[in-house]
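Here are my notes on this one, as numbered points. Have a look at the model first, then read on.

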Amino acid sequence: MADDIRVLLVCGTGASSGFMAANMRKAVAAHGYNIKVTARSESEIENFIGETDVVMIGPHLSYVFDDIDSFVGGADVTAILMRPEYYSSLDGEAAIQHLVDVLNEDA
């Protein structure tokens, strides 16, 4: 996995993603990963895409995932649709594991 991965975590208004991001940061610290997790609302994706390596999208926003190319605009950004089973419980450990698994598949 590359160093200094910048993750943009997206939900509808940014509220639940803020809690998930905090839990993901705890998992990142526990594993010693060089991952920075930022939470934003769906409406802010385009504003932050230039400083993002991975966009993780809440499962309730699958329509955003389907249209991610319009948000990314050709940037080299990995998009991950988060799984309901860990998103609903705000399981940051499982979210980070999903992220790492996807990044390792792409490597």
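1. Does Ser17 count as buried or exposed? Ser17 counts as buried, because its relative accessibility is 0%; buried means under 20% relative accessible area, exposed over 50%, and partly exposed in between, with a 1.4 Å probe and protein chains only. Ser17 sits in helix α1. Leaving out residues up to four places away in sequence, Ser17 touches Leu9, Val10, Cys11, Ala39, Arg40 and Tyr87, where a contact means heavy atoms within 4.5 Å.

2. Some ground rules. This is a predicted model, in which local features need pLDDT of at least 70 and side-chain atom pairs count only at pLDDT 80 or more, while totals for chains, interfaces and linings use all residues. Residues are numbered from 1 along each chain as its sequence is written, and side-chain values use heavy atoms, with hydrogens and water left out.

3. On to the fold. The protein has six helices and four strands, and from the N terminus the order is β-α-β-α-β-α-α-β-α-α. These elements are DSSP runs numbered from the N terminus: helices are H or I with at least four residues, strands are E with at least two.

4. Overall dimensions: the C-alpha trace spans about 35 × 30 × 20 Å along its principal axes. Of the contacts with a separation of 6 or more, 69% are between residues 24 or more positions apart.

5. Now the inside. Of the 107 residues, 39% count as buried. The largest nonpolar core has 23 residues, and Met24, Met56, Met82 and Leu99 have the most contacts inside it. Such a core is a set of buried Ala, Val, Leu, Ile, Met, Phe, Trp, Tyr and Cys residues joined through side-chain atoms within 4.5 Å. Elements giving two or more residues to this core are β1 (5-11), α1 (15-31), β2 (35-41), β3 (54-57), α5 (84-87) and α6 (92-106). Helix α6 gives the most, with six residues.

6. Not counting residues up to four places away in sequence, Met24 touches Leu9, Val37, Met56, Met82, Gly92, Ala95 and Ile96. There is also a second, separate core of 13 residues, which includes Leu61, Ile68, Val72 and Val77.
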